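Thanks for coming, everyone. I have one model to walk through today. Have a look at the screen first.

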Amino acid sequence: MTSGVLAAALASGMPLAEMVPAQHLSWRGPLSDGSRPCVPSARRETAERAASLVLCTLFRYDLQRSPAGDSVDFTSRSIHHRRPPIGRIPELCKPRSPLRQEFTRTGLRPITRSVMKAPSGRAADAAQSLADKIKTCRPQGPSSSLTLIDADPAMWGEAIRMIVALLTEDNRVGAGFWLDAPSHRDGNDHIPADSDRCQLLDHDGSWRCMLDRIREVARYAAAEAEANRAPVVLVINSVTALSDITRAGATVQALCSETAQGRLDVDPYADVHPERGHWTQPNNRWRLLMRTLKEFRGIVVATSRAATVPAEEGATEIEALLQRRDLPRELLGQVDAYLVLRALAPPRLVAAPQLHGPLPRAVPDLTVAALIFDQLQFDPATLSTPYTMPVPIEMLANELFATASTPDLERLYAEHQQRPGGNDPLLDAAYEAQRHYLIHVVDSPAFLSNATTLSDLRLKRDKLADRKVDLDHPAVQRAGRKQRNMLLDAMLRTLRAAATVDDLNRVFESCRADVGRAEEAALNAAYDDTMSRLVREASDESASTELSQTPVADQNGTAANELITTSGV
């Protein structure tokens, strides 16, 4: 029975029970009087209720209200797309509509979506098929441990001794490597010279060199973990010094900008602060370092010096940490444990995401080994499975701009391609952009600055042209012009320093073979000036010699050639 037939029957006054035969309908649940529909006397009421539900369901999607909202168009066959919310009476069933009047007369409620369910077996199969398509993985457990120890000057030596005890006395750890950042030498002072379990990492103080040492230790730790050996320990001393390097990098970029140069030309003592764009490279370097430490398949212990500036009055320990300007704000969420050492107070565990219970809390007589293995429950068995942090491709592409040389860019780009989602066009575009920048701003100027002669400089420019380098790039032109002027000035100084005409001619011939047409005019001018100076000096010397050989005249203008001898002299 279609909705049109039902509507016509309803308009003619036919009872609902006669529209749909009761033997073709089933009704679950008691009737309005509480009885079950199995008795014959309830058959008519069951049919009325079932017919009302059928009408509601059909008219709910098949009828369309008029724009005025005061009547129902029973002849329309268009589908009404606006479905009512679950548990509420449909908008079609207004008090003025015949359906609403029929519902009021029979005491029934319209059917809702909550009871319109698919068969349980089909729904279960559909749900299972969707669940099978979801990509999941099992938790591996903590694959590394990053502990930060913050100590004030009075407890700094105690913090260092706690770390050295972990490296040299605890048999649950393997080889140890100590990285002393610039301005620190605690590892050199406290590690025993005859210790074969801990070694100092050698570096030149640059961020690039220190990061290379950390990556080398990370690769060694991964190899030790694959062999099921004791976990490797890496000590970073200190995070405060590394943060100082990032801030210094932002300051240098601010001072080298053209805006800062213009301000300093007007006022040499102008205050220049790093802007937002100057922090891009330092922040990318910091994120790359912290991700390397988080993916380290071993134990990482870092130190930090307590802030010298007191926190605001009434600030908690967490708020005091977030207010520190010598540490990144995101550091608190990047470490597995944050231990605070203060004078005349027991150690306090301020933050540890893996622990349950109130924090901060005091932990008297706590050692680094007890914190890692007992408090954090670090299990070396979890190191056998490598852990790769999921990183958005935008952040990976952004980290490429933190590289300072083309070899570093090539290595980091290859590593990012091996990560999940590394084959992305955005990563390729960032690589090409940074490679173009490094070639024209870093590598090519450095290549030209190594030229020793003008002819060597021209040869290097030809090689850059063969490598498809844009020689008209401002950085390349500026570097070539600077090196040319420096070499030409050195050549002219050598030419002007000639002491004799023969030396001048010899130096001039050697220089003329090296200069090009652009430098030939300057070389000839210097040669002429030097030749004039030598001729002038030679004439002055000859005039002086002739003057010394001329007889001395007396006051009367007569020559005094006779030898005057004075007795007694």
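Let me start with a definition. Buried means under 20% relative accessible area, exposed means over 50%, and partly exposed lies in between, with a 1.4 Å probe and protein chains only. Areas come from the Shrake-Rupley method with a 1.4 Å probe, and for residues only the protein chains shown count as cover.

Now the ground rules. This is a predicted model, so to speak of a local feature we need pLDDT of at least 70, side-chain atom pairs count only at pLDDT 80 or more, and totals for chains, interfaces and linings use all residues. Residues are numbered from 1 along each chain as its sequence is written, and side-chain values use heavy atoms, with hydrogens and water left out.

The overall picture. The protein has 569 residues, and 40% of them count as buried. There are 21 helices and 10 strands. Those are DSSP runs, numbered from the N terminus: helices are H or I with at least four residues, strands are E with at least two. The accessible surface is about 33,500 Å². Carbon and sulfur atoms hold 53% of that surface.

Next, contacts, meaning heavy atoms within 4.5 Å. Take the contacts between residues at least 6 apart in sequence. Of these, 66% join residues at least 24 apart.

On to salt bridges. Side chains of opposite charge can pair when their charged atoms come close. Our rule is a side-chain nitrogen of Lys or Arg within 4 Å of a carboxyl oxygen of Asp or Glu. How many salt bridges does this rule give? The count comes to 20.

First on my list, D150 and R342. Their side chains form a salt bridge, at 2.7 Å from N to O. This pair links distant parts of the chain, 192 residues apart. D150 sits in strand β3, residues 145-151. R342 sits in the loop between β8 (337-341) and β9 (348-351). Is D150 buried or exposed? D150 counts as buried, because its relative accessibility is 0%. R342 is at 29%, so R342 counts as partly exposed.

Next, K294 and D336. The closest N and O atoms of this salt bridge are 3.2 Å apart. K294 belongs to helix α11, residues 280-294, and D336 to the loop between α13 (331-334) and β8, so the bridge ties together parts 42 residues apart in sequence. K294 has a relative accessible area of 21%, so it is partly exposed. D336 has 9%, so it is buried.

Now a pair within one helix. E158 and R161 form a salt bridge, with the closest N and O atoms 3.5 Å apart. Why are they separated by about one helical turn? Because they are three residues apart in helix α6, residues 156-169. E158 is partly exposed, at 32% relative accessibility. R161 is partly exposed too, at 48%.

Then the network. Salt bridges link R208, D212, D408 and R411.

Let me turn to the backbone. The peptide bond from N237 to S238 is cis, with omega near 10°. S238 is in the loop between β6 (233-237) and α9 (239-256).

Two residues have positive phi without being glycine. For S183, phi is about 75°. S183 lies in the loop between β4 (176-180) and α7 (186-190). S183 is exposed, with a relative accessible area of 72%. For N228, phi is near 60°. N228 is in the loop between α8 (207-226) and β6. N228 is exposed as well, at 61%.

Last topic, cavities. On a 1 Å grid over the protein atoms alone, a cavity is a set of points where a 1.4 Å probe fits but cannot get out, and lining residues have an atom within 4 Å of a point. Grid points are joined across faces, edges and corners, and a volume is the space filled by probe spheres set on the points.

How many cavities of 30 Å³ or more does the search find? Four, over the whole structure. Elements β3, α9 and α11 each supply at least two lining residues. The largest share, four residues, comes from α11.

What is the make-up of that lining? It has 12 nonpolar residues, one polar and no charged. Here Ala, Val, Leu, Ile, Met, Phe, Trp, Tyr, Cys and Pro count as nonpolar, Asp, Glu, Lys and Arg as charged, and the others, Gly among them, as polar.

That's my tour.

Terms used. On a 1 Å grid over the protein atoms alone, a cavity is a set of points where a 1.4 Å probe fits but cannot get out, and a pocket is an open set with protein on both sides within 12 Å along at least five of seven lines; lining residues have an atom within 4 Å of a point.
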